[in-house]
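This report walks through selected local features of one protein model. Please keep the sequence and the structure in view while reading.

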Amino acid sequence: MFDEKGEQYLDCINNVAHVGHCHPEVLKAALKQMELLNTNSRFLHDNIVEYAKRLSATLPEKLSVCYFTNSGSEANDLALRLARQFRGHQDVITLDHAYHGHLSSLIEISPYKFGKGKDVKKEFVHVAPTPDTYRGKYREDHADPASAYADEVKKIIEEAHEGGRKIAAFIAESMQSCGGQIIPPAGYFQKVAEYVHQAEGVFIADEVQVGFGRVGKHFWSFQMHGEDFVPDIVTMGKPMGNGHPVACVVTTKEIAEAFSSSGMEYFNTYGGNPVSSAIGLAVLDVIENEDLQGNATRVGNYLTELLNKQKAKHTLIGDIRGIGLFIGIDLVKDGQSRTPATAEAQHVIYKMKEKRVLLSADGPHRNVLKIKPPMCFTEEDAKFMVDQLDEILTVLEEAMGAQTESLVSDNTLCRTKMPKEACLELLSEGAPDQKENPSQKRNGLRTDKHSLLSKRLKT
């Protein structure tokens, strides 16, 4: 990416510009269709039919009916309507720390949001533990974490039934993003789907952030759980239009027919319009023609390998997890207790930005650096990112006394009641970080050594 001054940034977090910012083939398809015709979706047009065929061809056979929308939030809202109409129930099971969109119906099922605001959990919402094997209730040393986490869902269903309630749906991202780049243990979704179906509910897989080949080996992230797992409803959004607003819900004929029988017609003015469909088709073409799934596998494996070497070197790195170009770096203050390094994560983000590398942090403690770049991300990009991260972590750990105690013991200020963040600022400014940033050197930039790090660390 380039800013208005022409200065270059490496984008490691933009999963919306899926095939790369301003991809010429996508732009060409958009311009060509806009010059010809754009109208609302009440008028028949070949593009929406062709796009529906192409999308359904990437999915298991039973997922064959497409409803087009304009955003992932619209898609997830419609998915709830489909599930509730199909089963005649209202209750929804969601995962802790989940985020499914900004509409009121989705804030209600997003602990990531309602857990932070004034809203309280609605009685028809049931929250299951995040299947996190690093920081969660059942960890990597558990004999069968998949079954243990799935049994938590089973328990929720049983308790709901005892209270006279019935489950309409279970909804989850195939890999949880806002929750901290969480990869569910193998077998978890199969067992959850079994319990949900026994309760006459439906399984909604939210692929809004993680679909369209990001995991590399599979086009959809839910497919990495095996051929024996097929959701009843799949939602998709962000990457579909490479920055153009387009999204979709795909479901079975049975669920679609139940929805139609309600008498409430589904209509979306712009959903699947000729321009949106043309852009969506172009994105699918680029993914295929440029082998971006293969690139996600190759670069993702290389990046994970580099990061695991950094984990062995840096005590701040507690865990590296991910698949393809969906990777999380869990920063910790202590490797044994796994105490989240929240302030340190924010420090790293700002320092990386100064080096013209864009990262962000998420998770319940905002200590997980998340990596989900455009799918054209190269091995050279991966190496550059990791080199900058290595430099920042080295200086930070020295300042914190993680590698040596001399910096702390020699600085009398840090033995006073000075806040830790202020001490960290002073130490990091005084640390031997004299190397010129390659990205800044390319762009004629210099690091501002007097930046207000203490304020940043508190954000």
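Buried, as used here, means under 20% relative accessible area, exposed means over 50%, and partly exposed falls in between. The model is predicted. Ala128 has a relative accessibility of 1%, so this residue counts as buried.

**Strand E4**

Ala128 sits in strand E4. Its C-alpha atom is separated by 9.8 Å from that of Asp151, 23 residues apart along the chain. Strand E4 covers residues 125–128 and also holds His126. With a relative accessibility of 12%, His126 counts as buried. What joins the side chains of His126 and Asp91? A polar contact of 2.8 Å does.

**Helix H9 and its two ends**

Helix H9 spans residues 274–289, 16 residues in total. From first C-alpha to last, H9 reaches 22 Å, close to the 22 Å expected at 1.5 Å a residue. Is H9 enclosed or open? Of its 16 residues, 13 are buried, so H9 is largely enclosed by the rest of the structure.

Gly272 belongs to the loop between helix H8 (253–260) and H9. At 5% relative accessibility, Gly272 is buried. Ser41 is 231 residues apart from Gly272 along the chain, yet their C-alpha atoms are separated by 6.4 Å. Asn273 then caps the N-terminal end of H9. A side-chain oxygen of Asn273 lies 3.0 Å from the backbone nitrogen of Val275.

Now the other side. Asp291 is placed in the loop between H9 and helix H10 (292–313). Its relative accessibility is 37%, which means that Asp291 counts as partly exposed.

**Helix H11**

Helix H11 runs over residues 342–354 and has 13 residues. Its reach from first C-alpha to last is 19 Å, close to the 18 Å expected at 1.5 Å a residue. Why is H11 described as largely enclosed by the rest of the structure? Because 10 of its 13 residues are buried. The buried residues include Ala343, Ala345, Val348, Ile349 and Met352. Glu344, His347, Lys351 and Glu354 are also among them.

Gln346 is another residue of helix H11. Its relative accessible area is 9%, so Gln346 is buried. A polar atom of the Gln346 side chain lies 3.1 Å from the backbone oxygen of Arg366. H11 is followed by Arg356, whose phi is positive, near 65°.

**Positive phi at Gln181**

Gln181 is a residue other than glycine, and its phi is positive, near 55°. The residue is in the loop between strand E5 (167–173) and helix H7 (188–198). Is Gln181 buried or exposed? At 1% relative accessibility, Gln181 counts as buried.

The table gathers relative accessibility values.

| Residue | Relative accessibility | Class |
|---|---|---|
| Ala128 | 1% | buried |
| His126 | 12% | buried |
| Gln181 | 1% | buried |
| Gly272 | 5% | buried |
| Asp291 | 37% | partly exposed |
| Cys22 | 60% | exposed |

**Cavity**

How many cavities of 30 Å³ or more are there? The count comes to 1. The largest cavity has a volume of about 40 Å³. Its lining is made of Leu95, Thr130, Pro131, Glu173, Met175, Gln176, Ile182, Pro184 and Phe189. By class, that lining has 6 nonpolar, 2 polar and 1 charged residues.

**Cysteines**

The structure holds 0 disulfides. Two cysteines show where the sulfur atoms stand. The sulfur of Cys66 has its closest cysteine sulfur in Cys248, at 4.4 Å. A disulfide needs sulfur atoms within 2.5 Å, so the 4.4 Å between Cys66 and Cys248 is too far for a bond. Cys22 has a relative accessibility of 60% and therefore counts as exposed.

Key. Residues numbered from 1 in each chain as written. Predicted model: local features only at pLDDT ≥ 70, side-chain atom pairs only at ≥ 80, totals over all residues. Heavy atoms only, no water. Helix = DSSP H or I, 4+ residues; strand = E, 2+ residues; numbered from the N terminus. Expected span 1.5 Å × (residues − 1). Buried < 20%, exposed > 50% of the residue type's maximum accessible area, 1.4 Å probe, protein only. Polar contact = N/O pair within 3.5 Å; in protein donor to acceptor, adjacent residues only side chain to side chain. 1 Å grid on protein atoms, 1.4 Å probe; cavity = no way out; pocket = protein on both sides within 12 Å on 5 of 7 lines; lining within 4 Å. Points joined across faces, edges and corners; volume = space filled by probe spheres on them. Nonpolar A, V, L, I, M, F, W, Y, C, P; charged D, E, K, R; others polar.
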